[in-house]
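Subject: Structure handover

Hello,

Please find the structure below, handed over for your use. My notes on it follow.

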Amino acid sequence: MTKTLFSEFNSVSSKQWKQKIQFDLKGGDYNDTLVWNSNEDIAVKPYYHADDFTEFPEPSNTKATQWKICQSIFVAHVEKSNLKAIDVIERGAESIKFIIPTEAISIEDLLKNIDLNKTPIHFELQFLSSKFVQELSITPSKAGIHIHTDIIGNLAKTGNWFNNITDDFSKFANIAKITKSFSVNTSLYQNSGANMVQQLAYALAHANEYLNSINEDETTQTYNVNFNVSVGTNYFFEIAKLRALRLLWQTLTSEYNIESHCHITVTPTKRNKTIYDYNTNMLRTTTECMSAILGGANTICNLGYDAIYHKDNEFGERIARNQLLILKHESYFDKVDNPADGAYYIETLTNQLADKALTLFKDIEKNGGFLKQLKDGTIQRKIKETALKEQHLFDNGEDILLGTNKHPNPNDRMNHELEIYPFVKTNQRKTLIEPIIEKRLSETLEQQRLKNEK
């Protein structure tokens with residue numbers, strides 16, 4: 001081709017576009033009519049243009065062609081969990097995440113007959129043990145063994161350390177040396193109502209506490225990070241959030257003069273999921289998984305449409321897995337490495353989220369760091385404030401969940417469908433700090449509807 005695409009058309013500047021829009025508004029105010037503000041205080045324009053950039057962003061290094069379909073399995077019984085893993089791999093799962101509640105299990109039995117040269121395995125440990133991690137780390141695997149241990153995440157969620165701060169950080173240091181990695185659970189912040197700027201800043205500050213605790217003589221070594229992230233249905237913002245997370249991590253590690261691979265594992269949020277008109281949950285998780293793929297997630301564990309009120313079941317898990325299989329093999333979401341690169345809107349959102357999150361991160365560090373602000377209750381208070389604003393939008397019908405606060409089905413009955421308690425549980429106990437509590441937007445409304453069922 002000797003001519004570039006659309007070369008016969010004259011270029012139109014950003015200023016010309018705005019003049020045309022203002023003319024078509026016939027006296028209406030451009031900002032009041034077409035510009036809206038997100039929960040992150042980002043003004044979203046009706047159009048974006050190359051003129052918005054003084055220089056074009058560098059290509060991202062994400063590999064969207066390589067994302068893995070992951071199945072999460074809670075290990076209550078080793079033999080059954082092993083058979084389940086083998087079964088779901090045959091049905092299309094490409095990666096397994098075992099959630100381990102205790103170290104009194106046999107790793108050999110759990111991994112029996114699983115091809116570790118083809119299937120990456122993630123271990124989410126609900127306890128703290130250097131010995132157990134050492135045993136895991138020597139497991140031969142070409143596909144990779146990922147060990148998720150997050151002592152600060154446990155503190156934020158439960159209000160307590162596994163043992164105490166000294167012992168926890170001592171064991172964390174040993175685990176980091178063994179695995180050359182550590183894990184950061186940012187899903188807690190999203191599921192409890194933090195906005196995206198807060199999620200990114202807290203993830204960075206959370207990880208920074210770990211970098212600070214690593215021996216200073218070893219800061220030249222490579223430490224990889226596993227970010228566990230939840231995404232919602234704000235489609236383009238969630239794509240930009242994941243891209244911004246990688247940018248921020250690169251910025252932080254450059255200050256420590258270390259090289260670090262960032263592995264992002266994504267699960268759809270629970271915050272917008274509902275027990276009524278539950279099939280809409282499948283629509284939500286589909287767009288959320290799409291955002292995860294386009295944003296550059298490495299591993300995606302889908303959330304079953306009934307996960308908030310049903311125990312683990314074959315049907316719900318199969319549907320969730322098939323959603324990802326359709327996205328990968330029928331919707332071709334594994335054909336382009338960096339599909340979001342060069343999109344003016346997404347590039348702008350990425351930069352704005354990263355800039356705002358970096359500003360908040362610096363403020364956290366200036367005021368003593370993430371652990372101090374957790375101890376003081378500052379992080380918890382800020383999340384509550386943001387969650388309350390979002391809750392007001394939902395209660396007033398401005399934030400819509402179809403089938404719940406918009407077009408509800410009055411004949412929908414759920415009282416006899418609840419196998420697990422889908423609301424915030426109150427359990428009086430002594431804690432060192434106030435825990436960060438996950439809460440869904442529709443909980444109060446659903447509780448009222450359940451009371452009124454006949």
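What volume does the second largest pocket have? It comes to about 600 Å³. Please keep in mind throughout that this is a predicted model.

The pocket

The lining of the second largest pocket is made up of 28 residues. Nearest the pocket centre lie N39, T233, N234, E390 and D399. Sorted by class, the lining comprises 13 polar, 8 nonpolar and 7 charged residues. Three elements, β1 (36-37), α9 (196-213) and α15 (378-395), each contribute at least two residues to this lining. The biggest contribution is that of α15, which supplies 3 residues.

Helix α15

Two residues of this helix have notes of their own. T386 lies in α15, and its side chain reaches the backbone oxygen of K382 at a distance of 3.1 Å. T386 has a relative accessibility of 14%, so it counts as buried, the cut-off being under 20%. Q391 also belongs to helix α15 and is buried, with a relative accessible area of 14%. As for its position relative to A292, Q391 is 99 residues away in sequence, and the C-alpha atoms of the two are 24 Å apart in space.

Aromatic rings

There are 22 aromatic pairs in the structure. One of them is formed by Y278 and Y305: the ring centres are 5.8 Å apart and the planes meet at 40°, so the pair is classed as tilted. That angle falls between the limits for the other two classes, under 30 degrees for stacked and over 60 for edge-to-face. The pair joins distant parts of the chain, the two residues being 27 residues apart. Y278 sits in the loop between β9 (262-268) and α11 (280-295), while Y305 sits in the loop between β10 (299-301) and α12 (314-329).

Charges over rings

Two lysines are placed over aromatic rings. The charged end of K45 sits over the ring of Y47, at 5.9 Å from the ring centre. K328 lies over the face of W67, and here the distance to the ring centre is 4.4 Å.

Backbone

Which residues other than glycine have a positive phi? N113 is one of them, with phi near 65°, and Y332 is another, with phi of about 65°. N113 is found in the loop between α4 (107-110) and β5 (121-125). It is exposed, with a relative accessible area of 66%. Y332 is in the loop between α12 and α13 (344-366). At 55% relative accessibility, Y332 counts as exposed too, the limit for that class being over 50%.

That is the end of my notes.

Regards

Conventions: Residues are numbered from 1 along each chain as its sequence is written. This is a predicted model: local features need pLDDT of at least 70, side-chain atom pairs count only at pLDDT 80 or more; totals for chains, interfaces and linings use all residues. Side-chain values use heavy atoms; hydrogens and water are left out. Rings of Phe, Tyr and Trp (its six-membered ring) pair if their centres lie within 6.5 Å; planes under 30 degrees apart count as stacked, over 60 as edge-to-face and the rest as tilted. Helices (H or I, at least four residues) and strands (E, at least two) are DSSP runs, numbered from the N terminus. A charge sits over a ring if NZ of Lys or CZ of Arg is within 6 Å of the ring centre and within 35 degrees of the ring normal. On a 1 Å grid over the protein atoms alone, a cavity is a set of points where a 1.4 Å probe fits but cannot get out, and a pocket is an open set with protein on both sides within 12 Å along at least five of seven lines; lining residues have an atom within 4 Å of a point. Grid points are joined across faces, edges and corners, and a volume is the space filled by probe spheres set on the points. Ala, Val, Leu, Ile, Met, Phe, Trp, Tyr, Cys and Pro count as nonpolar, Asp, Glu, Lys and Arg as charged, and the others, Gly among them, as polar. Buried means under 20% relative accessible area, exposed over 50%, partly exposed in between (1.4 Å probe, protein chains only). A polar contact is a pair of N or O atoms within 3.5 Å; within protein, one must be able to donate a hydrogen and the other to accept it, and residues adjacent in sequence count only if both atoms are side-chain atoms.
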